[in-house]
Amino acid sequence: MTSASEKSSASTACDAEPSAARILYCAALLAGLVLVQARAELTQVERGYRPFLHAPSRVPYSWDMFAIRLDRCVLTWDPPLSVEGQRVGAWQDRTYPIEFDTVYNRVGDYGGAARAACGFRTSARTRTSLVCATAEGRIDRYAFDCP
Amino acid sequence: MPSIARDRFARWIGARSDGRPLAAFRRAFAAIWLAYDAVDVVWGMTERSRGWFPHPRDGRLVLLQLALVASGTMLVLGKRIWTFGLTAAVARGLEALFFFPLNDFYYGSVMYLLVAHSDGGPCAAHGRLQEPPDERRAPKWVHDVLLLEMAWIYLATATLKLSPDWLGGGHLFVRTQYLALGLGWPYPAFVAHALGNLAVDAALAKVAVGLELALATVLVARGPYWLGVTLAVTIHAVGALLTNVWFFSASMIAGVVFLLPRPPSRARPKPAA
């Protein structure tokens, strides 16, 4: 059995007529969501985003998916590297093809990774090749011998 | 004037609506990301994405992933929705802010936060509702805010795509050429040829922005239902094939399918005996 006073206190908290505390809770929650996302868009502008002129950058909660400028490269090694006992002839030999991939957004970062990967070479003469798709619509090819 | 706004806000917060679409979305959203997190925690996908070179898994990230798997399971089952929804929101937010800044993770933290309130929020979690949680009566504001949040995401991402890099086709060119060159993506020859042409990518990019703006409008207007579903499936099915983004695409389609109000179904005449 629930007493009348218990019923009364429960209804003030959660009934269809919401209590002041519940209204405040919801108002704070929604204000937080608005503030975080509005702040994110302002940050995009502060960092140089201008419609039709300059691309946005990565800012949490600004929803910049697929909007930033990027390059992507495919790396290969000849002969293959040996990484954790696995023969690795291409960057993708150590990544997952669907959804989960290991990527950088700049050609320079791929170049740095390619040079670092030379530490896993199995032959003194190892050729590293990069095929890069760039935001300008080019396919650029680079190659170098591991130092 | 302020008191009128306050009263309206209070009435909106107290209003209930049919909660079955909200419950269906909660289950679908949680199931999609539960699959993602289960795969992630077993094979360490996010850890590999953080660094291609050999390195030990970060135990703190594994803990967050385990919390996400546990929370996702409970959200699919509909148990302690507020507690586990908030847990998932915090875990996803921490994962994004401190381990891997993926837009999908930021999006997940916001959606989990809202989904956490889909059966009444803290009141339901503390067992203080006068009647047991009823999926047929859920807080209207949660449904409304989820629709508005999705509309905002489409509007914001379409607006941020108004740049030479996206509209000129460069971004799509890079994404599709990378998939074709690096992952041997099985595009039909004529599609691969077309996607290698920057003019085609630019046209596709402009169409995508138009579709995203249209879907944002449909979500704000709360219909028409089939137009919204068609736009969402078109954007995300084509988007998944061109960008290799599957889980986010699936959960956005689920959001439109379950949360956009359906037109009333016409009663079929009973066949004559």
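Predicted model: local features only at pLDDT ≥ 70, side-chain atom pairs only at ≥ 80, totals over all residues.
1. Starting with chain A: 26% of its 147 residues count as buried.

2. Chain A is split by the domain assignment into domain 1, residues 18–65, and domain 2, residues 72–145. The centres of these two domains, taken over C-alpha atoms, sit 37 Å apart. As for how the chain A contacts reach along the sequence, take those between residues at least 6 apart: 41% of them join residues at least 24 apart.

3. Now chain B. Its elements are 14 helices and 2 strands, and the C-alpha trace spans about 60 × 60 × 55 Å along its principal axes. Of its 273 residues, 45% are buried. For contacts in chain B between residues at least 6 apart in sequence, the share joining residues at least 24 apart is 70%.

4. On confidence, the mean pLDDT of chain B is 91, with 91% of its residues at 70 or more. One stretch to keep an eye on is residues 125–132 of chain B, where pLDDT stays under 50. The model still has 14 contacts beyond four places in sequence for that stretch. For the complex, the predictor gives an ipTM of 0.88 and a pTM of 0.90.

5. Where do the two chains meet? On the chain B side, 51 residues are in contact with 58 residues of chain A. Several helices of chain B give two or more residues to that side, among them α1 (2–14), α3 (45–50), α5 (81–99), α6 (103–115) and α8 (140–160). The largest share comes from α10(B), with 8 residues. By residue class, the side of chain B that touches chain A divides into 32 nonpolar, 14 polar and 5 charged.

6. Next, the packing inside. The largest nonpolar core has 94 residues, and the members that touch the most others are Leu114(B), Ala116(B), Leu215(B) and Leu219(B). The element giving the most to this core is α8(B), with 12 residues. In soluble globular proteins, nonpolar side chains tend to be buried together.

7. Leaving out residues up to four places away in sequence, Leu215(B) touches Tyr154(B), Gly228(B), Leu231(B), Ala232(B) and Ile235(B). Leu215(B) is also one of the buried residues of α12(B), a list that includes Asp201(B), Ala205(B), Ala208(B), Glu212(B) and Leu219(B). The cover over the buried residues of α12(B) includes α8, α9, α10, α11 (189–195) and α13 (225–243) of chain B.

Terms used. Residues numbered from 1 in each chain as written. Chains lettered and ligands numbered in written order. Helix = DSSP H or I, 4+ residues; strand = E, 2+ residues; numbered from the N terminus. Buried ≥ 20, exposed ≤ 12 C-beta atoms within 10 Å, placed from the backbone. Contact = placed C-beta atoms within 7 Å. Nonpolar A, V, L, I, M, F, W, Y, C, P; charged D, E, K, R; others polar. pLDDT = per-residue confidence, 0-100. Domains from an automatic or database assignment. Core = buried A, V, L, I, M, F, W, Y, C linked by C-beta atoms within 7 Å.
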